[in-house]
Amino acid sequence: MKNAIALLLSLACAPAFAAANCTKHSKVEWMPEADAKAKIESMGYKIRKFKIDGNCYEIYGHNKEGKKAEVYFDAKTLAVVKAEIER
């Protein structure tokens, strides 16, 4: 039991995954979600999941090479802020 509690406490205290640091724009400046999805797909990404994460648009899916991708985009410009691509 002590080991289980120690494990839970160590997991709770573990550092969180570092999120992308997107520039903060007012919401009226953000590209509309439907337009963002269409533009991201035109860049070659296949979107499985699209969401807002802080000041970023974030997708889970695949890149044009078919590799799994988690990508954060600036919500105004759609510049890639952070990308994690399967090796």
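User: Where is the place of Ala20 in this fold?

Analyst: Quick caveat: this is a predicted model, where local features need pLDDT of at least 70, side-chain atom pairs count only at pLDDT 80 or more, and totals for chains, interfaces and linings use all residues. Residues are numbered from 1 along each chain as its sequence is written, and side-chain values use heavy atoms, with hydrogens and water left out. Helices (H or I, at least four residues) and strands (E, at least two) are DSSP runs numbered from the N terminus. Ala20 sits in the loop between helix H1 (2-13) and helix H2 (33-42).

User: And is Ala20 buried or exposed?

Analyst: Buried means under 20% relative accessible area, exposed over 50%, partly exposed in between (1.4 Å probe, protein chains only). Ala20 has 17%, so it counts as buried. Of the protein's 87 residues, 26% are buried.

User: What is Ala20 in contact with, leaving aside neighbours within four places in sequence?

Analyst: Contact means heavy atoms within 4.5 Å. For Ala20 the partners are Cys56, Tyr72, Val81 and Lys82. Val81 is 61 residues away along the chain, yet the two C-alpha atoms are 6.5 Å apart.

User: Which residues have the most contacts inside the largest nonpolar core?

Analyst: In soluble globular proteins, nonpolar side chains tend to be buried together. A nonpolar core is a set of buried Ala, Val, Leu, Ile, Met, Phe, Trp, Tyr and Cys residues joined through side-chain atoms within 4.5 Å. Here the largest has 13 residues, and Ile40, Tyr45, Tyr57, Ile59, Phe73 and Leu78 have the most contacts inside it. H2, strand S2 (56-62) and strand S3 (68-74) each supply at least two residues of this core.
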